[in-house]
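Biologist: I would like to learn how to read a model of two chains. Could we start with the contact between them?

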Amino acid sequence: MTPYFYKAPVLTLEGISMTFEGEVILRDINAQVLDVCRPDMNQGQVVGFYGRSGMGKSVLCRILAGLMAPTTGRVLVGEQQEPVTPGAVGFVQQRYPLFNHRTLHDNLLVAASRKYAPEEAQQQTETYLERFQLTAHRKKYPAHLSGGQRQRAAIAQQLLCSDHLILLDEPFSGLDVAMIGEVKKIILEVTTMDELNTVVIVSHDIATTTALCDRLWLLGYERDTNGQLIPGATITADHQYNLAEMGLAWHENVEAEPEFARFVEHIKDEIRM
Amino acid sequence: MKELFSPNARPRRVVFTTMVAAQIMLLLLLWAFYPMQMLPSLGAVLRALSELTTSQGLIPELWASMTTALQSLAVATGLALLISYLTALPFFRPIAYAASKMRYLTLTGLTFFMAILLSSGHEVKLTVLIFATTVYLVTGMTSVILTTTQEEMDHARTLGMSEWRSFWEVVVLGKLDDMLEVVRQNFAIIWTMITLVETLYQSEGGIGLLLYKQNRYLHLDGVVAIQLVILATGALQDYLFGLLRRVFFPYSELTTAR
Ligand SMILES: Nc1ncnc2c1ncn2[C@@H]1O[C@H](COP(=O)(O)OP(=O)(O)O)[C@@H](O)[C@H]1O
């Protein structure tokens with residue numbers, strides 16, 4: 001078993017609920033991500049986030065990204081655990097939006113300039129272009145990029161200006177096997193780049209996502225004592241899984257392990273409930 | 001040949017150009033050899049054209065109208081952009097709404113009002129044109145702004161841009177090419193109006209006045225000749241706008257289906 005220990009929290013969801021015109025969508029969500037440490041390496045955090053369509057995953061994402069204020073509760077981010085503001089959390093939306101009127105290079109530069117002085121921004125842009133294999137396409141406009149290139153560009157753009165926390169909404173949808181491999185590599189790279197880097201993955205591809213995670217959240221409905229569904233989705237304590245504890249995190253080829261397959265089946269059953 | 005009649009086909013450039021040339025030739029031949037009752041013959045129109053050019057100053061008149069049109073268009077574009085961008089602030093939304101509804105005002109009534117307010121004919125002419133163009137442009141421009149999606153705005157916000165900066169990046173910079181397209185489409189409206197306004201304020205001439213005179217003396221060949229000149233000018237303008245768009249917004253062609 002890999003040795004690991006936990007330090008301070010990097011992301012906290014505190015009593016979050018969301019109501020739209022009297023309709024309860026999210027109810028009292030409490031969850032926390034701690035900075036996980038492994039000896040002799042930079043180990044960031046990967047959180048998988050599942051839930052049936054229409055339950056409110058996108059709403060929770062927007063709340064996590066600070067784009068929308070919850071009806072109650074708050075989101076705390078970073079080592080300082082400050083309330084989230086827009087821009088503090090990188091958010092790669094489903095269709096990987098970029099600025100269509102800017103070239104790929106300028107898309108990254110405009111993001112880098114949010115955080116760095118001009119010279120440094122230029123340098124960071126080059127580094128990210130290189131790291132995400134985009135240098136050859138730097139002069140192209142987003143409309144001329146392939147889906148995979150757009151996605152890499154969108155991830156790079158968010159990384160350039162956010163502090164450690166990044167949300168990926170459906171990063172594997174519509175990708176072929178080779179591309180999924182590429183995205184997995186990028187996510188691994190991001191999480192090993194910095195100790196504090198934390199990636200939250202919202203996905204329907206449970207096996208792929210679980211293989212990358214050290215923590216899982218399952219959004220679902222609770223039943224009251226009479227067996228009636230309580231309105232508003234939430235993440236109950238037993239729907240928060242610690243994969244490091246279960247010995248399923250950070251394995252090279254975890255998808256081949258029977259233990260892992262059983263766990264994925266269990267998760268799928270839980271989602272179907 | 002077959003591909004010329006199959007939907008969404010993309011014939012080769014040569015084939016397509018040849019086809020267009022053939023269609024124009026056919027039209028001209030029909031016109032030249034089977035003169036229709038109501039339309040003057042091709043020869044008569046060409047004669048009228050050269051007569052208009054040499055003795056009635058068609059070119060300078062055209063130029064005069066064109067500069068007036070461009071002048072009003074420039075001012076109207078500035079005004080319309082301002083009004084539409086200001087819709088970001090709820091306070092200014094009623095203005096854009098009202099401006100857009102003013103499309104329904106009639107030109108003649110408007111001219112009357114302006115004539116009372118302003119002293120010189122030139123001013124009335126310009127003001128009427130600017131006003132009428134602005135209201136059409138505002139309508140088109142606000143609908144462009146309304147195409148902004150939550151996703152686009154969220155994208156800018158997640159990069160830590162302030163509300164104003166997000167608006168600038170997504171709505172102003174991101175949609176300039178669509179705005180140019182709105183201006184191009186509405187330029188034609190100026191031409192319809194300018195011919196009318198010029199007949200109301202005859203002191204300054206213009207191609208509208210020329211057209212009006214030809215009409216009055218029932219010079220049908222002259223009327224057709226001037227209409228053709230206006231048509232050609234319009235086509236040229238459209239082309240120039242397309243060129244501008246390609247030069248300044250190279251990305252905008254990329255997303256449209258070809
Ligand atoms: N701005 C909003 N106003 C009202 N209802 C909303 C709003 N945003 C989302 N909802 C509702 O919240 C529910 C969850 O939506 P969403 O988060 O998109 O689901 P998911 O991403 O899990 O598929 C839906 O029933 C939707 O109608």
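Modeller: This is a predicted model. Start with polar contacts: the rule finds 11 residue pairs across the interface of chain B and chain A, both partners at pLDDT 80 or more.

Biologist: Which elements of chain B give two or more residues to the side that touches chain A?

Modeller: Helix H7 (150–158), H8 and helix H12 (252–255) of chain B do. H7(B) gives the most, with 7 residues. By type, the residues on this side of chain B divide into 8 nonpolar, 7 polar and 5 charged.

Biologist: How many salt bridges does the rule find across the interface of chain B and chain A?

Modeller: The rule finds 3. In one of them, Asp154(B) pairs with Arg62(A). Their closest N and O atoms are 2.9 Å apart. The cut-off for a salt bridge is 4 Å.

Biologist: How do I put a size on the interface?

Modeller: Interface size is often given as the accessible area lost when the parts come together. Here chain B and chain A bury about 2,000 Å² between them. Carbon and sulfur atoms hold 59% of that area.

Biologist: Which residues in chain B lose the most area to chain A?

Modeller: His155(B), Thr158(B) and Leu159(B). Together they account for 32% of what that side buries. As for residue counts, the contact takes 20 residues from chain B and 23 residues from chain A.

Biologist: Now chain B as a whole. How many helices and strands does chain B have?

Modeller: Chain B has 12 helices and 0 strands. Read along the sequence, the pattern is α-α-α-α-α-α-α-α-α-α-α-α. The C-alpha trace of chain B spans about 70 × 60 × 25 Å along its principal axes. Of the 258 residues in chain B, 40% are buried.

Biologist: What do the contacts in chain B say about sequence separation?

Modeller: Take contacts between residues at least 6 apart in sequence. In chain B, 70% of them join residues at least 24 apart.

Biologist: How should I set annotations beside the coordinates?

Modeller: Take the span from the record, then check the chain there. The UniProt annotation "transmembrane region", from an unreviewed entry, covers residues 14–34, 69–92, 104–122, 128–147 and 217–236 of chain B. Residues 14–34 of chain B are 95% helix and 0% strand, with end C-alpha atoms 29 Å apart. Residues 128–147 of chain B are 90% helix and 0% strand, and here the end C-alpha atoms lie 30 Å apart.

Biologist: Which domains does UniProt list?

Modeller: For chain B, the unreviewed entry lists "domain: ABC transmembrane type-1" at residues 62–241. That span is 81% helix and 0% strand, and its end C-alpha atoms lie 19 Å apart. For chain A, an unreviewed entry lists "domain: ABC transporter" at residues 11–246. Over that span chain A is 30% helix and 25% strand, with 21 Å between the end C-alpha atoms.

Biologist: Next, single residues. Is Gln124(A) buried or exposed?

Modeller: Gln124(A) is buried, because its relative accessible area of 18% is under the 20% cut-off. Gln124(A) sits in helix H3 of chain A. Beyond its sequence neighbours up to four places away, Gln124(A) touches Tyr116(A) and Leu160(A).

Biologist: Why does Phe5(A) count as partly exposed?

Modeller: Its relative accessibility is 45%, so Phe5(A) falls between the 20% and 50% cut-offs. Phe5(A) is in strand S1 (residues 5–20) of chain A. With residues up to four places away set aside, Phe5(A) touches Asp35(A), Val36(A) and Cys37(A).

Technical notes. Residues are numbered from 1 along each chain as its sequence is written. Chains are lettered from A and ligands numbered from 1 in the order in which they are written. This is a predicted model: local features need pLDDT of at least 70, side-chain atom pairs count only at pLDDT 80 or more; totals for chains, interfaces and linings use all residues. Side-chain values use heavy atoms; hydrogens and water are left out. UniProt positions are given in the numbering used here, feature names are shortened, and annotations may be inferred rather than shown by experiment. Helices (H or I, at least four residues) and strands (E, at least two) are DSSP runs, numbered from the N terminus. Contact means heavy atoms within 4.5 Å. Buried area is the accessible area (1.4 Å probe) that two parts lose on being put together, summed over both. A salt bridge is a side-chain nitrogen of Lys or Arg within 4 Å of a carboxyl oxygen of Asp or Glu. A polar contact is a pair of N or O atoms within 3.5 Å; within protein, one must be able to donate a hydrogen and the other to accept it, and residues adjacent in sequence count only if both atoms are side-chain atoms. Ala, Val, Leu, Ile, Met, Phe, Trp, Tyr, Cys and Pro count as nonpolar, Asp, Glu, Lys and Arg as charged, and the others, Gly among them, as polar. Buried means under 20% relative accessible area, exposed over 50%, partly exposed in between (1.4 Å probe, protein chains only).
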